[in-house]
Amino acid sequence: MRRALPILVGAGLFLALWIVIPGPTPFFLALSVVVRELAPWLLIVNVVLLAATMHVRIHSRWTGTLHAIALCAVLLPLLPIARVGDTEQALDREMRRALGRAYDDRLSPAGRSRMRDAPFSLLDALTGVPRAHLPHPQTVTFAAIDGVPLHMIVYRPGERGLHAAVLQIYGGAWQRGEPADNEAFSAYLAGRGYVVLATDYRHAPRYRFPAQLDDVSAALDYIHRHAAELSVDTMRLALLGRSSGAHLALMSAYIATAPRVRAVIDIYGPVDLREGWLRVPRPDPIGVRSVLETFLGGTPDSLPQRYAAASPVNLVRPALPPTLLIYGGSDHVVLPSFGRELADRLRAAGDTAALLEIPDAEHGFDYFLSGVHGQLALYHIERFLAWALR
């Protein structure tokens with residue numbers, strides 16, 4: 001133990017540093033997300049290591065240094081945890097500003113009883129968000145376009161009848177992913193009484209914009225045609241997407257010819273693709289410009305009209321469905337400033353828009369439902385859905 005302890009303490013500090021250091025590559029981006037969201041676990045481990053340095057005899061020359069390293073490894077995971085209270089107050093103020101000071105009083109008692117009763121639970125952070133026992137998800141083929149079958153996974157609540165529904169669109173830079181992504185989130189919402197329809201779409205570079213948008217439209221058409229067998233109340237349908245999926249959700253909700261949806265949730269989605277190409281994050285772990293060029297087929301200079309047509313900010317007009325925008329304040333894939341700009345445009349047009357910017361959260365934070373920031377997002381997502389689909 002005496003020989004291994006300095007190595008373990010050093011490893012604890014190495015992991016903790018990624019709470020404050022942005023990841024320069026996809027691997028370190030993922031590591032940054034993990035340590036930020038699982039900070040309570042990392043805190044416990046590093047506290048144990050700090051205690052061990054107090055009791056295990058180490059060469060006197062290194063004792064003070066080892067104690068200092070272990071203490072730093074404990075303090076860093078405390079940062080995101082300590083900010084939860086102030087962050088939640090700011091998020092609650094924004095929800096009340098956008099939806100009404102007493103918006104939650106308009107939610108049904110039955111709906112409120114199913115929702116999380118606190119924005120953050122340390123117990124859930126350590127043991128996971130509880131999940132309900134549900135019927136086995138059903139996979140349906142909703143279209144076959146250009147010889148490519150497109151599937152949708154349907155997560156139903158246990159109760160019979162028609163239910164409010166959420167069409168969920170996965171992220172993956174428009175190049176990868178599948179409907180089974182975010183399965184824990186889909187099952188959670190289904191356990192709260194929603195039908196969740198996790199849809200597929202064709203991927204770039206083989207299929208470029210607007211193929212993905214056409215596929216989401218095909219999914220919406222299928223839902224409306226088969227609403228009864230899917231247990232969907234089409235008058236209470238919302239769209240939700242993450243990253244590139246959020247871009248498709250916004251586009252689909254804002255297009256004038258799209259089937260009417262009641263609300264849309266954008267979780268760190270790109271909204272102005274030309275500006276996204278021009279204003280890349282630093283560091284840029286996924287190569288934003290390359291991703292956009294793969295999706296659209298060129299640069300903004302070579303394809304200005306396509307970049308404009310593929311940007312949700314250019315579709316803003318009055319009478320759009322209410323929009324919930326959720327961005328990480330430390331996002332190094334989609335800068336949070338883009339969320340602010342879309343929110344400003346929506347408000348200027350007279351539309352309802354709530355912008356939740358979560359400090360310390362990095363791109364992909366919500367993949368951990370029980371994470372420090374994942375819980376905050378989940379708490380407000382279910383309240384927004386209950387308000388919009390009531």
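The questions and answers below walk through a predicted model.

Visitor: Which residues touch the most other members of the largest nonpolar core?
Guide: The largest nonpolar core in this predicted model holds 111 residues, and helix H16, which spans residues 372-388, supplies its largest share with 10 residues. Within that core, the residues that touch the most other members are Leu197 and Ile381.

Visitor: Is Ser32 buried or exposed?
Guide: Ser32 has its place in helix H2, which covers residues 26-37, and, not counting residues up to four places away in sequence, Ser32 touches Trp18, Ile21, Gly23 and Glu362. Because a residue under 20% relative accessible area counts as buried, and Ser32 has 0% relative accessibility, the word for Ser32 is buried.

Visitor: What is omega for the peptide bond from Arg282 to Pro283?
Guide: Pro283 is found in the loop that lies between helix H12 (273-278) and helix H13 (288-296). The peptide bond that leads from Arg282 to Pro283 is cis, and its omega is near -5°.

Visitor: Is Trp174 buried or exposed?
Guide: Trp174 is found in the loop between strand E3 (163-169) and helix H8 (183-191), and its phi is near 60°, a positive value in a residue other than glycine. The cut-off for the word buried is under 20% relative accessible area, and because the relative accessible area of Trp174 is 2%, Trp174 is buried.

Visitor: Is Ala319 buried or exposed?
Guide: Ala319 has its place in the loop between helix H14 (304-309) and strand E7 (323-328), and phi of Ala319 is near 70°, a positive value in a residue other than glycine. The word exposed applies over 50% relative accessible area, and because Ala319 has a relative accessible area of 60%, Ala319 is exposed.

Technical notes:
Residues numbered from 1 in each chain as written. Predicted model: local features only at pLDDT ≥ 70, side-chain atom pairs only at ≥ 80, totals over all residues. Heavy atoms only, no water. Core = buried A, V, L, I, M, F, W, Y, C linked by side-chain atoms within 4.5 Å. Buried < 20%, exposed > 50% of the residue type's maximum accessible area, 1.4 Å probe, protein only. Helix = DSSP H or I, 4+ residues; strand = E, 2+ residues; numbered from the N terminus. Contact = heavy atoms within 4.5 Å.
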